[in-house]
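User: Can you walk me through this one? Keep it short.

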Amino acid sequence: MTAIVFEPATYYDAVVRCITETCPNYTEPPMAVTELYSNAGTPGIECGLCGQPMEILSATVMDPQPEVP
Ligand SMILES: [Zn+2]
């Protein structure tokens with residue numbers, strides 16, 4: 001489990017990996033994700049291949065925050 005605490009409604013630069021053992025991405029190295037939105041404090045990101053939630057290994061608040069149209 002992740003111990004990262006996310007601020008609500010904040011964009012992060014994150015590093016994620018797929019934790020679904022049957023997925024081809026499972027053996028791939030962690031991937032960088034930019035503009036990961038934290039929603040109400042629980043960012044969700046799904047693997048593009050298997051569609052399952054990915055594990056967030058690390059996350060850094062974007063500074064400055066991206067402009068939201
Ligand atoms: Zn996957």
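**Core and sheet**

Analyst: The largest nonpolar core has 11 residues: Phe-6, Tyr-11, Tyr-12, Ala-14, Val-16, Cys-18, Leu-36, Cys-47, Met-54, Ile-56 and Ala-59. Such a core is a set of buried Ala, Val, Leu, Ile, Met, Phe, Trp, Tyr and Cys residues joined through C-beta atoms within 7 Å. Buried means 20 or more other C-beta atoms within 10 Å, exposed 12 or fewer, partly exposed in between, with C-beta atoms placed from the backbone. This is a predicted model: local features need pLDDT of at least 70, side-chain atom pairs count only at pLDDT 80 or more, and totals for chains, interfaces and linings use all residues. Residues are numbered from 1 along each chain as its sequence is written.

User: Which element gives the largest share of this core?

Analyst: β1, with five residues. Strands are DSSP runs (E, at least two residues), numbered from the N terminus.

User: And the sheet, what's the strand order?

Analyst: β2-β1-β3, open and antiparallel. Strands pair if DSSP finds at least two bridges between them. β2 (31-37) and β3 (54-61) are the edge strands.

User: How many bridges join β1 to β2?

Analyst: Five. In one of them, Val-16 partners Met-31 of β2.

User: Switching to Glu-35. Buried or exposed?

Analyst: Glu-35 is exposed, because 12 other C-beta atoms lie within 10 Å. Glu-35 sits in β2.

User: What is Glu-35 in contact with?

Analyst: Tyr-11, Met-62 and Pro-66, leaving aside neighbours within four places in sequence. Contact means C-beta atoms, placed from the backbone, within 7 Å. The C-alpha atoms of Glu-35 and Asp-13 are 5.7 Å apart.

Definitions and conventions
Helix = DSSP H or I, 4+ residues; strand = E, 2+ residues; numbered from the N terminus. Contact = placed C-beta atoms within 7 Å.
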